[in-house]
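Here is a briefing on a pocket, a chain interface and a set of salt bridges. Please look over the structure before reading on.

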Amino acid sequence: MLILDIVSALLLIAGGFFGLSGAIGLFKFPDFYTRVHSASVTDSIAVILIMGGLLLQTSFDINTAKLLFIMLFLMLTSPTASHALAKSARHGGLASMAEAKMDEQENNNNG
Amino acid sequence: MTVVLSAVCITILIVMALAMARAFNAKTVYDRILGVNMFGTKTVLFIAASGFLMGRPDFLDIAIVYALINFIGMIAVLRFFEYTAPIE
Amino acid sequence: MSFVLDYYNYWVVVFLMMTGFYIVISANNLVKKIVGLNIFQTSVFMLYITVGKVSGGTAPIVTEGVSLYSNPLPHVLILTAIVVGVATTALGLSLVVRIKRAYGTVEENEFENKDDAI
Amino acid sequence: MAEFINLALLALLALTALRIIFLKDLFSVVMLFGIYSFLSASIFLNLDAVDVAFTEASVGAGISTVLMLGTLALTGRKEKASKHSSCLPLVVVCVTGAVLIYGTLDMPPFGDPNNPAHQHVAPRYIEESLKEVGLPNMVTSVLASYRGFDTLGEVVVVFAAAIGVLSLLGIRRQKDELVADTGLKEHRVLHVIAKLIIPLIILFALYVQFHGDFGPGGGFQAGVIAAAAFILYTLVFGLKRTFVVVSPKFLAWMASIGVLVYACVGLFSMFKGGQFLDYNQLAADPIAGQHYGIIIIELGVGITVFAAMLSIFYAFESQVERSNVQ
Amino acid sequence: MLEQHLAILPIILPLIAAPIAFLLGRSSLSWGFSTLISAGAFFSAIQLLVVTLSTGVVSYAVGDWPPPWGIELRADLANAFVLLVVSGISTLVLLFAKESVEKEIDPSLHSHYYTAHLLCLAGLCGILLTGDAFNLFVFLEVSSLSIYTMISLSSDRRCLTAAFRYLIMGTVGATFILIGVGLLYMKTGTLNMLDLAGRIDLYDSSRTINTGLAFIMVGVSIKLALFPLHMWLPAAYTHAPSAVTAFLAATATKVAVYVMIRFIFTIFGTDHVFLEMRMDIPLMVFAVLAIFKCSYMATVQSNVKTVLAYSSIAQIGYMILGVSLVSVAGLMAGIIHIFNHALMKGALFMAVGAVFYRIGSVDVNAFSGLGKHMPLTMAAFTIAGLSIIGVPLTVGFVSKWYLISAALEQNNWLIAALVLIGSLLAVIYIGRILEAAYFKKLPDTVDPNNVKEVSWLMLGPMWVLVLANIYFGVDTSMTTEVASKASQWLFHHENSQASADIINTLVSAKEVAK
């Protein structure tokens, strides 16, 4: 029991850490696409870790099933949402940092 | 164990606050959407973790609803955003 | 201090209610008015739920080993009120859509005729 | 810890509300409203109101937000600066707020088990409902049985809203060639994932419908979640393809039939010699009668809410697609 | 079998019929069906009034759960009387509506209209009969949502902004009521009105209860369009379809007035509201302001529907004035005026609807020469108009008479004089329209051959109301008897009854707790 608790605690703490780092990335990264990257990748790992940690706390009953369901659901939807968002931004003409720089250079060259 | 769970809950709350801050002040509207989405997924985790913290983990149904609604909200934002003005 | 602890919840809720109410009466855009109305109502729901809370109690679903439950009655009332709220919101928003089509604007100060204004 | 979480959530809530006042971009206003709704649902959860949290999350954050977004797609997303002064509203609000604060001063302290609200009517629900109605979830017992008449009224409100929205906006079938590109056509990944998870959502809706007697959930929440599944389908694939699955005409019938199912349980119990909505009359054993009654009326509620919410969404979505085509 | 269910029939009949009317779909089918249902509700209301006249109170426990745990319906003389008006007017308006609706509303929306009408009727009956404060909120919203729908059915685009304004104000009002009820619940732990009445007495001077009272009063005032909160009413009445205006003007605000009476007299108690909180002073001030300001506004409008809408607000002022006199006679005048005003305004708006049906406009100028071309309609308008002014032999006179005598009973000469002056203003605004109708010629732009009397289906309900105006103006025994009994009962009986009931409830609560 103790080992399970320790593993669970470690997973939870790691999950919290990744979540936090993702949130910081939301502010620190230079352009939108890198920020999506930071948010979505850490999101997935945090979901796996925290849900995993909580799974070990259950006594393998309906709650375990529900946790697995949430995990499956989030693993399906969260990257999809990020993907769709990035795609929309691309579609809507939002430039990445590199492109913005290139545009700027072109402008400078032309001007 | 309670200590760890409390710590995790507080961490997630901080992450939620940060995501909210992003949603409050964003350079582009996409950033705002990103913040809102992150807020949603983190709330799911928060509900799940706080359920265990409070000792009534049988309310995970609500976390499922959150995950579901968050996704649908995201899709709706993207869908209807197509029709409105270009980026800020 | 205990006075503050006993009441802070009510005060925050009152603050939220008034924020929503302020948006309803001051917003120029009709959609924002509806958003304000929703905030106002949601905060009122929070007042009810605050009333229903019993310290140390848990959710009112019978479970073994639990003897203290929170009060289920406010929960029932608010379930009803939430659904009523979304019904009103839906109707209000569809009116906004029609107003946009009929007048070309949803800004309160842009209706040409004073009688038409909201 | 619960107090701390409560305080933190309230603080976030207050910040969100304040931010909404000053934002002029309505798209962001609506998104923040979604956050507001989520946060308040978390507070409900933290204050033990699981069923309310369930409903607020699915109705407030889900349906309301989607409808608002749909409206914005039709009306534009910028609020123009208002010219008239904001003095009078501020005065009105301050006076109202001051009166309320004055009112709080005599309120019973937060969470005290000796408050009058916990002493008078509620104890019977808490202590007797398991014996009298036979369900562990007291909220469902009170909602469906003790205060079943309220719930009937609530179903009728939803029905009335659907009638109103349909009369205002109507659902029009588009001509085939015009609706070639509705839905999020570009997003291939989304198509696959949506097809994967929609069955899961409907399964979950059924679980919520029939598990409401034992845990959080019930007809309203189930109806809304089922509607949400079809809303997702419409958002991704467009109205035309959803109409093949669930036609608006069918929904109109469903919405009416749900109300009738509910009301007919009441009529039946009158017919059996009891009062309106007296489920004890439905079977020889009162508890069994209560159980049948609650299952049937929850089904009626679920049907009406599903049909009404989905038709309301159809009405908005068909407007959006129409204006987009033009 | 139906005897024991009398108290719930007026609510559930239209409630169950509404979805059926929607499914019927065809205009004439759903019209016929809803008229029948409304007539059914009317007959059960008559029966209910008869029963309450003999037994006093009819209590009905929905779901057989005893109050305060379940929801109780409680019919007494006062609400059975208002119920009679509401269901009666609803039936007449539905009869009238067929042709008017065919002219004014898009054919595909007719079944929506009848459904909304039935839902509204169910909501209004629910508000009147329920004995539970939260249930009142639910039915308030049922009726409000269907009213917004009905207003917005008109083809005039201005109905949309009118409906939206009403929706915002109405929802704020309803939310205020919700806050008030919440505060009361917080302090008393109950929602049943009788139970509340007894428990509020225990906390007479609690700040929470007083705040709750204030919020409920403001919320209800918005719903009944008391003077400074009336902004939604003129636009809503002006731009709604004629049949809807006739129905609303005669019922919706009256029901809200009754709600106010109920909250004041049976829940909070006169001592608390009037002696302690001095609510009678603001009510009286606003009522007098309503009478003058809105009667004046009525004299300067060019749209006849707007004139009548402002006149409605002024008339609501008379009702509230009666309540604010804090006497049995004053309350009785208020209740009589609820009944009488429904008769007058119903007839007036039906006549205006008939004019709109023929002319397509309701401007004062459009009435020119109609006295000759639509004699029956204009005769109806004239008689109902005289009733608004308060000419003897009409119900308007009866209302004014009782109001003035109630004021004089307290030696309040000022109020009596103000009521008389208010009537003079009514002479002006009704007179303008009558002048146009009888002393001006039909404008040249209108072909006289097209302007003829409307059909009997429209004239019939109108004249029923007009004859009722005269009948109840001459033979006042029925209305005054019911109103005086009701007001005496509201003033005295309920208090003693409540305290007796509360003791019983407390005893049984203890038993349950054991």
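The second largest pocket has a lining of 34 residues, with D:L166, D:G170, E:S108, E:L109 and E:H112 nearest its centre. A pocket here is an open set of points on a 1 Å grid over the protein atoms alone, where a 1.4 Å probe fits, with protein on both sides within 12 Å along at least five of seven lines; lining residues have an atom within 4 Å of a point. The model is predicted: local features need pLDDT of at least 70, side-chain atom pairs count only at pLDDT 80 or more, and totals for chains, interfaces and linings use all residues. Residues are numbered from 1 along each chain as its sequence is written, chains are lettered from A in the order in which they are written, and side-chain values use heavy atoms, without hydrogens and water.

- Helices are DSSP runs (H or I, at least four residues), numbered from the N terminus.
- Helix 12 of chain D gives the largest share, four residues.
- The volume of the second largest pocket is about 930 Å³, counted as the space filled by probe spheres set on the points.

**Interface of chains C and D**
- Chain C brings 77 residues to the contact and chain D brings 96 residues; contact means heavy atoms within 4.5 Å.
- About 7,700 Å² is buried between the two chains, 76% of it from carbon and sulfur atoms. Buried area is the accessible area (1.4 Å probe) lost on putting two parts together, summed over both.
- One salt bridge is found across this interface. C:K53 and D:D48 meet in a salt bridge at 3.0 Å, N to O.

**Salt bridges**
- The count over all chains is 18. The rule asks for a side-chain nitrogen of Lys or Arg within 4 Å of a carboxyl oxygen of Asp or Glu.
- B:R79 pairs with D:E317, closest N and O atoms 2.2 Å apart. B:R79 lies in helix 3 (residues 60-81) of chain B and D:E317 in helix 13 (residues 286-325) of chain D, so the pair joins two chains.
- B:R79 is buried at 0% relative accessible area, and D:E317 is buried at 0%. Buried means under 20%, exposed over 50%, partly exposed in between (1.4 Å probe, protein chains only).
- A network of salt bridges links B:R79, D:E317 and D:E321.
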